[in-house]
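Open the model in your viewer and keep the selection panel at hand. We will go from the whole chain to single residues.

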Amino acid sequence: MSARSSNATTHSPTRGAGSLVADGKHVLEQTLAPPADTSEHTPLPQARKLTRCSVVVPAYNEQDNLESLHARLTAVLAGTGADYEIILVDDGSADATLEVMRKLAAADPHVRFVSFARNFGHEAASTAGLDRASGDVVVLMDADLQDPPELIPELIDQWAQGHDVVYAQRRRREGESLFKRLTAWAFYRTLNAVTPTPIPADTGDFRLMDREVVGQFRRMREANRFVRGMIAWVGHRQTAVQFDRPARHAGEAKYNLFKLMALSLDAAMGFSTFPLRVATVLGLITTVGAVVAGSAVVIHKLFFGLAVEGYALLAAGIFFLGGVQMLLLGILGEYIGRIYTQVQQRPLYVVKEER
Ligand code: UDP
Ligand code: MG
């Protein structure tokens, strides 16, 4: 397994705490400020000893991955010497995922599972697992073995040294297309450009969290969820461990371009009001531009006696403005839609079976 190595940079996205509910100015200042790194200045607390580890695995149509995942997880977790539980979350799979989970839970008392009444999505499945985890630390990982279980001891090491969130950061992506890598790259850069909470680049959901962080996470019941951003938002001491991300073990990726775009929107809108500010700035520029251009036409006519011709330009201008207005209405609509789903206060997932 080539997927292990030493730790790296330390991020401490603590300064974002509370800012998202604050006024717009505060949020903008935070957007512009460089990320602060507090961990260098405050000494780490004393070393901690692990007594119980929870592992949460959301799975959607992963029938061919769960057994090898369980075997590898068991080998690694038994080696830590601590008590552990593996919480498998079946996100309304259409294949035999649930049967495999029942079988694993029947054979191994460390395994629990939750099964959803339908597909609620990766973020909801992660949430259901985190809601049930009882360990001192909780590891969140994918079911497809792209997150190597063998990295867990390193994550635990970092936690023992005093870090509260240890995320696995990928150094290289195997078996993923150039397109996927490009979109992922653009996704993190854009996200961090518009959001006040620094969200570490090139991290998936594979991470270890202290129970304190998980407790804070459970209080966040927003409907449009972006789990890694929410955990970054909680703050505390966060650090990274680097690894090479292997290709999927079996089955195919469930994220298509459309799902990725929806997730990006949730991420950008859930973590900043910046897109709303774009409307104000564009409106200002257009208005000033229109005043200047209008004055030029009047001056031309009055002092030089020249009438400006230009129906084509006029029509183009009308279409352009129409387009801009619709776009901005759309952005407004996105936020209103999110407010709507939030006020509905529906549960984040519906459980059909649990053991
Ligand atoms: N997943 C899920 N619900 C979904 C889609 C995906 O629980 O609706 C799970 C999936 O089973 C896997 C993880 O989320 O454990 C990541 O999915 P995938 O491997 O398709 O994403 P990628 O690795 O391409 O980011
Ligand atoms: Mg995957």
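Start with everything selected. Of the contacts in the protein with a separation of 6 or more, 85% are between residues 24 or more positions apart. Contact here means that two C-beta atoms, placed from the backbone, lie within 7 Å.

This is a predicted model, in which local features need pLDDT of at least 70, side-chain atom pairs count only at pLDDT 80 or more, and totals for chains, interfaces and linings use all residues. Residues are numbered from 1 along each chain as its sequence is written, while chains are lettered from A and ligands numbered from 1 in the order in which they are written.

Now colour by pLDDT, the predictor's confidence in each residue, from 0 to 100. The mean for the protein is 79, and 83% of its residues reach 70 or more. Select residues 1-41: their pLDDT is below 50, although this stretch has 71 contacts in the model beyond near neighbours in sequence. Where pLDDT is low, the predicted coordinates should not be read in detail.

Switch to cartoon. The protein has 11 helices and 9 strands. These are DSSP runs, numbered from the N terminus: helices are H or I with at least four residues, strands E with at least two.

Select strand 2 (52-59). Arg52 has Asp83 in strand 3 as its bridge partner.

Next, select ligand 1. Which residues are closest? Pro58, Tyr60, Ala143, Ala253 and Lys254 are, among 16 that surround ligand 1. Near means a C-beta atom, placed from the backbone, within 6 Å. Strand 2 and helix 4 (122-132) each supply at least two residues of this shell.

Move to helix 2 (residues 66-80) and helix 3. Their axes come within 10 Å and cross at roughly 30°. Such axes are lines fitted to C-alpha atoms over the stretch in contact, with angles from 0 to 180 degrees between N-to-C directions. Leu66, Glu67 and His70 in helix 2 meet Thr97, Val100, Met101 and Leu104 in helix 3.

Finish on Leu98, in helix 3 (residues 97-107). Leu98 counts as buried because it has 20 C-beta neighbours inside 10 Å. Leaving out residues up to four places away in sequence, Leu98 touches Asp90, Ser93 and Ser115.

Note on methods
A residue is buried if 20 or more other C-beta atoms lie within 10 Å of its own, exposed if 12 or fewer, and partly exposed in between; C-beta atoms are placed from the backbone. Two strands pair if DSSP finds at least two bridges between them.
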